[in-house]
Amino acid sequence: MLSAILDTLFPPVCWVDPARPAAAGLSDDARFQIALLAAQPHCLRCGLTTGPHEQDHSRKNPCGRCAERTTGLRCTARVGTFSEPLVVLIHKLKFARQWEVARVLAPFLCHGLTQTAQQSGQPIDALIPVPLHWLRRARRGFNQAEEIARETAALSGHPVIHALTRTRHTAAQARLDSPTARRENLRHAFRAKPLPALAGKSVWLIDDVSTTGATLRAAAQSLKRLPREFRPAAISAAVICITDHAAPPPQLPELDE
């Protein structure tokens with residue numbers, strides 16, 4: 001009853017454009033724009049956008065740029081590229097501390113995750129959020145990857161396993177210019193927990209943004225270093241945004257990958 005009263009007094013508005021009304025956090029126009037991004041063809045292995053005249057790339061038939069983005073993953077699911085309106089939502093989630101945005105993004109990621117899993121034939125046994133170092137988490141107040149994973153799990157029914165810890169407080173990935181520097185920054189930055197629930201499973205790392213894939217690769221490598229009796233059979237990833245070509249425009253706040 002209280003919720004109905006509040007909605008009457010303060011009608012819900014769109015997270016992207018507050019001038020527009022929205023029943024579930026997004027206006028019809030914002031949903032249409034995200035649907036256009038989600039409809040873009042992309043490689044199921046690395047997640048990068050493919051051209052309209054390229055063949056449909058599968059896990060076993062990767063695109064020509066997979067060698068440039070060696071994430072060490074079986075598959076990569078995504079909602080879309082790092083562009084509006086996803087940029088606005090990611091920034092509200094990470095920098096404005098509006099963790100409720102994760103609930104708005106989760107249905108789109110759940111759809112992309114399910115679709116990629118079906119097209120690739122890769123099962124979804126568990127979701128593993130990419131962790132923040134405890135200092136960064138304390139400063140931010142929450143881990144956006146955990147919020148996205150939790151909301152996605154609530155929709156999909158897949159379990160969330162907190163199988164990774166961040167062992168080093170690394171520099172923000174967005175401040176590093178080259179893919180090599182990003183990889184070095186994250187060397188041995190994660191430690192995987194030897195959990196029986198991981199053994200022989202097909203797990204999916206969950207994060208908000210992937211720029212060069214360095215974070216996902218470092219997280220996947222830590223899982224691959226587990227003893228055989230705890231090691232997953234396959235490691236994939238699902239993210240909200242992938243940066244296809246260049247870094248985010250300079251007028252936007254810096255992103256931690």
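**Figure 1. Overall fold of the predicted model.** The model is a predicted one. In total the protein has eight helices and six strands. It comprises 257 residues, and 48% of them count as buried. Contacts between residues at least 6 apart in sequence were also sorted by separation; 74% of them join residues at least 24 apart.

**Figure 2. Cysteines without a disulfide.** A search of the whole structure finds zero disulfides. Cys63 and Cys46 are the pair to inspect here. The sulfur of Cys63 has its closest cysteine sulfur in Cys46, at 3.6 Å. That distance is too far for a bond, because a disulfide requires the two sulfur atoms to be within 2.5 Å. Cys63 is buried, at 8% relative accessibility. Cys43 is also buried, with a relative accessible area of 0%.

Figure 3. The bond from Glu84 to Pro85 is cis, with omega near 5°. Most peptide bonds are trans. Pro85 sits in the loop that links β1 (76-81) to α3. Glu84 lies in the loop between β1 and α3 as well. Glu84 is exposed, with 61% relative accessibility. Leu37 is 47 residues from Glu84 in sequence. In space, the C-alpha atoms of Glu84 and Leu37 are 9.2 Å apart.

**Figure 4. The crossing of helices α3 and α4.** Helix α3 spans residues 86-94, and helix α4 spans residues 101-120. Their axes come within 9 Å and cross at roughly 140°. The two helices are therefore oblique to each other, because only angles over 145 degrees count as roughly antiparallel. The crossing of α3 and α4 is left-handed. On the α3 side, the contact involves Leu86, Leu89, Ile90, Lys92 and Leu93. These meet Val101, Ala102 and Leu105 in α4. By class, the contact of α3 with α4 has seven nonpolar residues, one charged and no polar.

**Figure 5. Arg97 in the loop between α3 and α4.** Arg97 is found in the loop that joins α3 to α4. Its phi is positive, about 60°, although Arg97 is not a glycine. Most residues other than glycine have a negative phi. How accessible is Arg97? Arg97 is partly exposed, with a relative accessible area of 48%.

Figure 6. Strand β2 covers residues 126-129 and includes Ile128. Ile128 is buried, with a relative accessible area of 0%. Which residues does Ile128 contact, leaving aside its neighbours within four places in sequence? The set includes Ile161, Ala163 and Leu164. Leu198 and Leu223 are also in contact with Ile128. Val203, Trp204, Leu205 and Ile206 complete the list. Ala163 is 35 residues from Ile128 in sequence. From C-alpha to C-alpha, Ile128 and Ala163 are 6.5 Å apart.

Note on methods: Residues are numbered from 1 along each chain as its sequence is written. This is a predicted model: local features need pLDDT of at least 70, side-chain atom pairs count only at pLDDT 80 or more; totals for chains, interfaces and linings use all residues. Side-chain values use heavy atoms; hydrogens and water are left out. Buried means under 20% relative accessible area, exposed over 50%, partly exposed in between (1.4 Å probe, protein chains only). Axes are lines fitted to C-alpha atoms, for helices over the stretch in contact, and angles run from 0 to 180 degrees between N-to-C directions. Helices (H or I, at least four residues) and strands (E, at least two) are DSSP runs, numbered from the N terminus. Angles under 35 degrees count as roughly parallel, over 145 as roughly antiparallel, 65 to 115 as roughly perpendicular and the rest as oblique. A crossing is left-handed if the near helix is turned anticlockwise from the far one by less than a right angle, and right-handed if clockwise. Contact means heavy atoms within 4.5 Å. Ala, Val, Leu, Ile, Met, Phe, Trp, Tyr, Cys and Pro count as nonpolar, Asp, Glu, Lys and Arg as charged, and the others, Gly among them, as polar.
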